[in-house]
Amino acid sequence: MKVKEILETMDYGEAPESAEQAKEWIARHSGKMGLYINNSIECPDGRDSLESRNPANGELLAHVCQADSDDIDRAVHAARKAQPEWEGIGGPARAKYLYALARLVQKHSRLLAVLETLDNGKPIRESRDIDIPLVARHFYYHAGAAQLMEKEMPDQQALGVAGQVIPWNFPLLMLAWKIAPAIAMGNTVVLKPAEYTSLSALLFAEICIEAGLPAGVVNLVTGDGRVGEMLVTHEGIDKVAFTGSTEIGRNIRQAIAGQGKELTLELGGKSPYIVFDDADLDSAVEGLVDAIWFNQGQVCCAGSRLFVQEGIAEIFHRKLRARMDKLRIGDPMDKSIDVGAIVDPSQLESITCIVEEGLKEGGVRHTCPAKLPETGCFYPPTLITEVDPACQLMQEEIFGPVLVGTTFRTPAEAVALANNTRYGLAASIWTENINLALDIAPKVICGVAWINSTNQFDAAAGFGGRRESGFGREGGREGLFAYTRSKNAPTNELAEVKALPGKSEPVGAEIDRTAKLFIGGKQARPDSGYSTPVFSTEGKLLAQVGQGNRKDIRNAVEAAAGAKGWGKSTAHLRAQILYYLGENLSARKNEFAERILSMTGCELETAELEVNSSIDRLFTYAAWADKYDGAAHGVPIRGVALAMNEPVGVIGMICPDESPLLGLISLLAPALAMGNTCVVVPSEPFPLSATDLYQVFETSDLPAGVVNLVTAKHAEVAETLAGHMEIDSQWYFGSGGLSPLIEKASAGNLKRTWVNQGKSIDWNDSRQAEGKMFLRQATEVKNIWIPYGE
Amino acid sequence: MSKSSPPNELFRNSGTELDLDWALSVQANTSAIERRCKTLPGRRSIKKANQAAWLLKAITCIDLTTLSGDDTEQRVRRLCQKAKYPVRRDLLEAMEIEPGTIHTGAICVYHEMVPAAVSALEGTNIPVAAVSTGFPAGLSPYALRLAEIGESVKAGAQEIDIVISRRHVLTQNWQALYDEMKAFRKACGDAHVKAILATGELGTLRNVARASMICMMAGADFIKTSTGKESVNATLPISLTMIRQIRDYYERTGYHVGYKPAGGISKAKDSLTYLSLIKEELGDRWLQPDLFRFGASSLLGDIERQLEHFVTGHYSANYRHAIG
């Protein structure tokens, strides 16, 4: 167009980024994207290949190698072989490599950005201004983490080899999120990029070579889901990290159950975006552009559920529709495009299908009027209002540029709506009232909350979710623990501890002692109506305990869920109650020691030590209750990211069979200190130390329902517990080898698990049985981003 | 702007009652506003012929300004000549733009220079704007400030840039601000009134937003950021805050109020960012000199250099373009 005409129309015109260099790079590889194993890029013969296409125009970009099991073996073997030396060279030496990777990412930033956009369809502005800078930032941050590891995390060591599977929505960024912390902490990795988007990973492989990274530290295997499955289930893997759909996450959880692997999952979401009536409405509207139309809405933490306070709903929706009408959709390589292409035709179909089906249940649709390109995978930015919580559209993750919304009346209702979901990844909260903002952020179930902002990411702040959004954190200090284990972690095998045999004799003159269950602050008869005798070493009946079943577990979980106010009580109060428990236990020291002695037949000295250690442990966690602080992260905004330690919620715990008192206290005390409520299944062979505690609980001001005790056969209730949707984390330290079962059954609601994997813990050894590791298991870190400035 | 397509005539903003419920409900979240402004230049890239056209558009929106103690009539005459012929003829021809169709939006001077400017611009449709009401501090006697407007209008100024009493904003005396603005507007008669908020002295974006709204309610034709004499002049966040109020006011009343960022905009690239901000937030109708102006003195020079680069493919130099 001529200048004169443009002067009339004031059009932006085209501003295309050149694809030339990226295409040359692909051509240098003859259009074949190979594997990166043991520091060499290879395209082995005889492998199938996948087509990688540009979703914006369908153009074939390259063929991606489909790795086979032999390739996976070689990659894992290379990583295995490289790991000891990589860990052995120490943090500062590793830091230099990470620093080099960061520098090289910056050096090749434009090529990476262009490649990413060609492959994925995201606007070049986003890959250039957001993805790639965050990748570099991630390597810089973790170069620092490596540098400081020995000083700051002296008790931690690498896990070994990490098997990592990443999604297609942020190909290189997810790669960085996975690789940087892993190798910083001394692990080596085998990573599988997503089948749609493997190109930037191969460029990263070249960067690894350029950085001189030792062979085998980073290995990349490409291909479809089968490759991912082979990788995560491979016996040479110590840790699995997955980002992707909840469905695949659940499959992985089940597939690797009992393999003794560490696992972190970062899965789907349906994050709330809450606008209160005193918010800066224009800014909140603009925030939505970054929340749901960023990366075509293909973002796990996208603010996809809009909740607007009723009084401003009309004006807000009007402003939002007007803003949508300004969005520019089209060729992602154009620098002035807001919304690019959907990654693949299959994803486009999925979005279309969910929306069309969902609209049958109701909702008012507004579609961005911009003309879509005639070819390529495009979906218009869409707003659907008047969608009720009961609608599929409000419940199901769409993973596209589709925002659904409804209204709320009060802050409490906003929270109720926000939490009415299986997911729990992120939340945005818009209000000019600091009291309101800082009240709501802790109440929304999520791993990340953004006040008056959205989709803020930084390596210094952990990211991750709760519920079916997965578990574990990436980034920040919390993310480092996901790639390390304690140097004192137990290694000895745990032998099954069996109940002692005996013979029931007439009670006679003795007063019958049959311990009931302890549920909701009251002693309750077991639903089954059965009891189990407990015998002494001499075979004498000590007492009967109720035999809990699934209904008792149900009741106990209900009581625990009803007692969650415990988590909102002050840390000081929780400390006081833990001290009080210790004090009351101390008053009955001898009785408890004698009980241990009579049940287990140990030396008196051993029994006394166990009781004393238990009292000490209660005191330790009473001390921790008000000292396990969160953090204020230095994120690159004018503001602060507050990392708050929140209780996990309801924790189910199957206690150690050995050390019947100390084992239970070692688990219970940190959970209570951090504000969790608990369903406790005590030692199966020696349950009486636990039932004796009822009176201690009752005299220590512990609120009803905070601790619920169900004596039961572990194998009979383990699946009920692990499968219970209301339980947020399930711990297992029994000797019956139920770790695999627990892990597998936990996949139902993707609860966290913490199991002993058949290893024996010395409960008297405070390095193994006490400390921050326990506190981390008893908490969720929530990062609340609070920008400020007036 | 090309004479072939004059913008459609708008109804002048006649103001509304003072609606404090509305004005005080206005919020402005600084961090979020800054974030929008920071990402905007990356979201919109204007290249080649589009860039040249946009830069020409920017020229037509410039209030070419001299506000110096040493201004003389000859100096002002020179500036007016530049306003009439802001771009070298050969460059315009290369872009197939008819010479004479591009001129700046207005000339902006102190009262004493109004007659010189009016005479220099005779026969053109370039209006003369006068800064007024005790510019820049606005602390001279109220009666004199009102009278000053009348004098400038009498002298031929078609636009009056008034300064508000910042103290009314800082003490939240919205009624006083409304009354003052209303009186100024009345004193202007048919001349259009631009309300200079001196945003750099208002403390917060929320104050800027509320003062914008009050001035529009009192009948301002334009709201303008600064006198150019404050330490902080036009910025993107301040602009975004003000134009969002213009949008709300338009949506509620149907009146188009203009916007003038002033001071600190000296690069061609910045002018493109401002124009795209206006296009995105207010729409194309505001990309006309009757609703958008740059208060700038050195911006034109940089734009001329960029235009020469567009035409020739070579980077330009100052001396190749006439000074004003």
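This is a predicted model: local features need pLDDT of at least 70, side-chain atom pairs count only at pLDDT 80 or more; totals for chains, interfaces and linings use all residues.
Local features need pLDDT of at least 70 and side-chain atom pairs pLDDT 80 or more, while totals for chains, interfaces and linings use all residues. Residues are numbered from 1 along each chain as its sequence is written, with chains lettered from A in the order in which they are written.

Start with the inside. The largest nonpolar core runs to 263 residues; a core here is a set of buried Ala, Val, Leu, Ile, Met, Phe, Trp, Tyr and Cys residues joined through C-beta atoms within 7 Å, and buried means 20 or more other C-beta atoms within 10 Å of a residue's own, with C-beta atoms placed from the backbone. Ile274(A), Leu578(A) and Val679(A) have the most contacts inside this core. Its top contributor is helix 7 of chain A (residues 171–184), with eleven residues; helices are DSSP runs of H or I, at least four residues, numbered from the N terminus. Another core, of 111 residues, lies apart and includes Leu79(B) and Met95(B).

Next come the domains. Chain A splits into domain 1 (34–266), domain 2 (271–479) and domain 3 (515–628 + 647–760 + 770–784), with bounds from an automatic or database domain assignment. The C-alpha centres of domains 1 and 2 of chain A sit 28 Å apart.

As for the chains, 34 residues of chain A meet 32 residues of chain B. Helix 1 of chain A gives the most to the chain A side, with five residues.

Methods
A residue is buried if 20 or more other C-beta atoms lie within 10 Å of its own, exposed if 12 or fewer, and partly exposed in between; C-beta atoms are placed from the backbone. Helices (H or I, at least four residues) and strands (E, at least two) are DSSP runs, numbered from the N terminus. Two residues are in contact if their C-beta atoms, placed from the backbone, lie within 7 Å.
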